[in-house]
Amino acid sequence: MLIDAHVHLDRYGELLDAALSEIEDKQIFTVATAMDIPSYLELQKIGERSELVLPTFGVHPRRAAEYADRLQEIGRNIEASPAIGEIGLDFHWVKDTGTYPAQRKVLEYFIAAAREQNKFVNLHTKAGEKEILDLLEKYDVRRAIIHWYSGPMDILRAMIDFGCYFTIGVEVLFSDYIKAIANAVPDHLLLTETDNPGALRWLKKTDEVGMPNAIEQVVEALANLKLSTAERIEALVHRNFVRLVADDPRLQHVRARLLNSKPKTRN
Ligand SMILES: [Zn+2]
């Protein structure tokens, strides 16, 4: 089964039905990451429509400043969520340095909760890579997905040594640096994502809406890069995701769903 471990399904608007049918048709297991509380509430509704969609609660670093004094509210939503994301730090695209203390406060609250409740996390790390690794180490949060990593190679290697998983996304189609990162990630830590619907629009500066089937292009690109086949990359990523959720009491339905899927034939 294909795995899209980082998607913003609540952003599809009128294309949501089309996105959900593509997820069913192509059998793409989808981790639907939230940006904030309203986004998570929306994703919970969307999650009821497909067994292949796992909604997770997080507050994106862009939204952290609005939530720095609402930790109790955050806490209630974390309790309700089987995993955590999108969370993280952004000291690059977020230019307002006044939000940085709030970003740190909110992220540390989430990481502490991940530790306490033993939930996996889905992380945005832009220019905060080292700080995030330090936090994962401090709280010993071992099940971490680093989404769209584009930071320094030495921190990448340290994160690999710590055992982080990495989602490679559509930028692998365009960027030599992302190709180098994808090559550096060992097979057992490799995952895939689209970060759609916005990722292609953002990369290509067009108004193209990224649909879920973009995950197939990511898998093809990884196959070319790693001198493998799409089928083998798909199977590898599937095995890695199963391992990520294997001992998680809240995600046994996900594990069962993944293990029951039959390898499909491509056309
Ligand atoms: Zn995202």
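E73 sits in helix α4, which spans residues 71-80; helices here are DSSP runs of H or I with at least four residues, strands are runs of E with at least two, and both are numbered from the N terminus. With a relative accessibility of 26%, E73 counts as partly exposed, a class that lies between buried (under 20% relative accessible area) and exposed (over 50%), using a 1.4 Å probe and protein chains only.

The model is predicted, so local features need pLDDT of at least 70 and side-chain atom pairs count only at pLDDT 80 or more, while totals for chains, interfaces and linings use all residues. Residues are numbered from 1 along each chain as its sequence is written, and side-chain values use heavy atoms, with hydrogens and water left out.

Turning to the overall fold, the chain holds 12 helices and 8 strands. Its radius of gyration is 17 Å, close to the 18 Å that the globule rule gives for 267 residues, so the chain is as compact as a globular protein of that length; the radius is taken over C-alpha atoms, and the rule is 2.2 Å times the number of residues to the power 0.38. Along the principal axes, the C-alpha atoms fill a box of roughly 50 × 40 × 40 Å. Buried residues make up 57% of the 267 residues. The accessible surface of the chain comes to about 11600 Å², and 49% of this belongs to carbon and sulfur atoms; areas come from the Shrake-Rupley method with a 1.4 Å probe, and for residues only the protein chains shown count as cover. Among contacts with a separation of 6 or more, 70% join residues 24 or more positions apart, where contact means heavy atoms within 4.5 Å.

The zinc site comes next. The protein donors of the zinc ion are H6 (NE2), H8 (NE2), E86 (OE) and D195 (OD), at 2.2 to 2.5 Å from the ion. Donors are N, O and S atoms within 2.8 Å of the metal (3.2 Å for Na, K and Ca), and since water is not among the atoms, sites may look incomplete. Along the chain the donors follow the spacing H-x1-H-x77-E-x108-D. Distant parts of the chain are linked by the pair H6, in strand β1 (residues 2-7), and E86, in strand β4 (residues 84-88), which are 80 residues apart. The 4 donor atoms subtend angles of 81 to 164° around the zinc ion, which makes the arrangement irregular. Four donors count as tetrahedral if all angles lie between 85 and 135 degrees; four count as square planar and six as octahedral if opposite donors are over 155 degrees apart and all others between 65 and 115, and anything else is irregular. H6 is buried at 0% relative accessibility, and E86 is buried at 2%. The peptide bond leading from G85 into E86 is cis, with omega near 10°.

Some further backbone features deserve a look. A cis peptide bond with omega near 10° also runs from N196 to P197, and P197 lies in the loop between β8 (190-192) and α9 (199-204). D140 has a positive phi of about 50° although it is not a glycine. D140 is placed in the loop between α6 (129-139) and β6 (144-147) and, at 34% relative accessibility, counts as partly exposed. W148 likewise shows a positive phi, near 50°, in a residue other than glycine. The loop between β6 and α7 (153-162) holds W148, which is buried at 17% relative accessibility.

Not counting residues up to four places away in sequence, L123 touches I87, G88, L107, I111, I132, L136, A144, I145, I146 and H147. K226, in the loop between α10 (214-225) and α11 (230-245), is buried with a relative accessible area of 19%. Leaving aside neighbours within four places in sequence, the contacts of K226 include D187 and L190. L236, in helix α11, is buried at 11% and, with neighbours within four places again left aside, is in contact with D187 and L190.
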